[in-house]
Amino acid sequence: MLAELEKLKTEALKELAAAEDAARLEAWRVRYLGKKSELTRILRGLAALSLEERKAVGASANELKAEIEQSLAERQKALVQAQTERLHRAAEEFDITLPGRKPLSGRLHPITQTIHEICDIFTAMGFQVVEGPEVEWDYYNFEALNIPEEHPARDTMSTSWLDFKTEAGRPMLLRTHTTAVTARCVETMRPPIRVIEPGRVYRYEATDATHSFMFHQIDGVAVDRGITMADLKGTLYEFARRFFGADCKVRFRCDFFPFVEPGVEMAIECSVCRGAGCRLCGNTGWIEILGAGMTHPQVLQRGGIDPEEYTSFAFGMGIERLPMLRYGIDDIRLFYANDLRFLRQF
Ligand code: DAH
């Protein structure tokens with residue numbers, strides 16, 4: 001029996017030294033100190049022994065129990081300490097005081113920002129933002145706007161046609177101007193109408209510093225009783241003051257667009273030379289930024305609005321030109337190249 005205890009002790013201590021984590025330590029405890037352990041069995045069996053034996057074995061067994069309980073406690077302490085040391089070493093390798101790398105934060109594209117800014121100005125004046133399709137019927141892009149087939153104005157807007165005809169045989173295209181949305185609005189909305197229509201437009205053209213096959217425009221139209229040229233001028237002048245600054249000077253001159261009568265172009269005073277003439281404004285002192293006019297009676301009529309009862313003004317402008325003028329950007333292609341060094345500046 002005593003030899004058995006001795007063997008148990010050697011075995012237990014050897015296994016304890018090999019237990020490297022809390023789970024194995026617990027398994028060890030159950031095995032050597034648990035209710036079903038060899039030691040417990042021996043202690044329970046003491047009563048059956050002779051007095052002599054009971055004394056000797058009982059003393060040894062209890063001694064062994066105390067000894068392995070203490071070994072367990074020591075081993076537990078040693079493991080905790082080792083763990084703490086590991087953590088400290090890890091903390092030295094990773095400098096937790098080092099500031100983290102900042103993730104890149106996104107931002108809106110300068111064109112989107114400009115569209116938002118223009119929309120804010122016009123919505124503050126009571127206009128509503130409307131969008132139309134980029135793949136458009138020939139009808140809304142041209143016909144409804146007084147530009148029939150064979151009309152020379154079609155040549156000035158190099159068109160990307162889709163190479164299929166719809167069931168009704170009506171040709172489709174990529175819209176060449178957002179004025180197509182104006183044609184849709186006068187057909188689907190009833191006066192009083194005040195809408196602005198931002199979006200992409202397409203021209204079949206070679207790309208260079210000032211041309212792109214895709215760019216952005218914003219059109220606007222107001223239809224109501226008694227609308228006059230004074231409303232057109234007042235609205236667009238106010239827009240220019242809010243966008244370019246309160247001291248912005250504007251100039252209106254006659255121009256021709258098939259869908260307005262009379263038609264005008266609006267220019268702002270060149271911000272570089274203040275009207276004196278420079279390279280940017282081609283020595284004129286003025287920079288044209290939009291076309292406008294009183295909506296042609298036929299355009300209203302085609303939309304089902306009686307031009308005897310209602311009058312209307314309309315306008316349209318390119319968007320890229322505005323940030324180009326404001327920030328002195330000399331190449332339109334920069335907007336579409338996705339170069340973060342450029343885009344990050346806005
Ligand atoms: N759609 C014209 C263009 O792309 C611009 C324009 C001129 C729009 C006069 C209008 C307008 O609404 O009234 O050149």
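Ala, Val, Leu, Ile, Met, Phe, Trp, Tyr, Cys and Pro are counted here as nonpolar, Asp, Glu, Lys and Arg as charged, and the others, Gly among them, as polar. The model is predicted, so local features need pLDDT of at least 70 and side-chain atom pairs count only at pLDDT 80 or more, while totals for chains, interfaces and linings use all residues. Residues are numbered from 1 along each chain as its sequence is written, and side-chain values use heavy atoms, with hydrogens and water left out.

**Stop 1: the ligand**

The shell holds 15 residues, and the closest are His-177, Thr-179, Gln-217, Asp-219 and Phe-315. By class, seven shell residues are nonpolar, six are polar and two are charged. Colour β6 (214-224), β9 (286-295) and β10 (311-318), each of which supplies at least two residues of this shell. Helices (H or I, at least four residues) and strands (E, at least two) are DSSP runs, numbered from the N terminus.

Now display the polar contacts, meaning pairs of N or O atoms within 3.5 Å; within protein, one atom must be able to donate a hydrogen and the other to accept it, and residues adjacent in sequence count only if both atoms are side-chain atoms. Start with Arg-203, where a polar side-chain atom lies 3.3 Å from an oxygen atom of the ligand. Ala-314 places a backbone N or O atom 3.2 Å from a ligand oxygen. At Phe-315, a polar backbone atom is 3.1 Å from an oxygen atom of the ligand. On its own the ligand has 350 Å² of accessible area, of which the protein covers 89%. Accessible areas come from the Shrake-Rupley method with a 1.4 Å probe; for residues, only the protein chains shown count as cover.

**Stop 2: the largest pocket**

Hide the ligand and look at the space it takes, which is the largest pocket. A molecule sits in a cavity or pocket if more than half of its atoms lie within 2 Å of its grid points. The search uses a 1 Å grid over the protein atoms alone: a cavity is a set of points where a 1.4 Å probe fits but cannot get out, a pocket is an open set with protein on both sides within 12 Å along at least five of seven lines, and lining residues have an atom within 4 Å of a point.

The largest pocket contains about 1,400 Å³ of space. Grid points are joined across faces, edges and corners, and a volume is the space filled by probe spheres set on the points. Select Arg-203, Phe-215, Gln-217, Gly-318 and Arg-321, which lie nearest the centre among the 49 lining residues. The elements that each supply at least two lining residues include α7 (153-156), α8 (179-188), β8 (260-269) and α11 (321-327). β9 gives the most, with eight residues. The lining has 25 nonpolar, 14 polar and ten charged residues.

**Stop 3: the second largest pocket**

This pocket holds about 270 Å³ of space. Select Ile-115, Glu-131, Gly-199, Arg-200 and His-216, the closest to its centre of the 14 residues that line it. α5 (110-124) and β5 (193-202) are the elements that give two or more residues to this lining, and α5 gives the most, with five. The lining divides into five nonpolar, five polar and four charged residues.

**Stop 4: the cavity**

The structure holds one cavity of 30 Å³ or more. The largest cavity has a volume of about 40 Å³. Its lining is Tyr-139, Tyr-140, Ala-144, Ala-183, Val-186, Glu-187, Val-299, Arg-302 and Gly-303.

**Stop 5: backbone geometry**

Most residues other than glycine have a negative phi, and most peptide bonds are trans. Go to Pro-191 and Pro-192, which are joined by a cis peptide bond with omega about 0°. Pro-192 is in the loop between α8 and β5. Next, Glu-261 and Pro-262 are also joined by a cis peptide bond, with omega about 0°, and Pro-262 lies in strand β8. Finish at Asn-146, which has a positive phi of about 65° although it is not a glycine; Asn-146 is in the loop between α6 and α7.

Technical notes:
Near = heavy atom within 4 Å.
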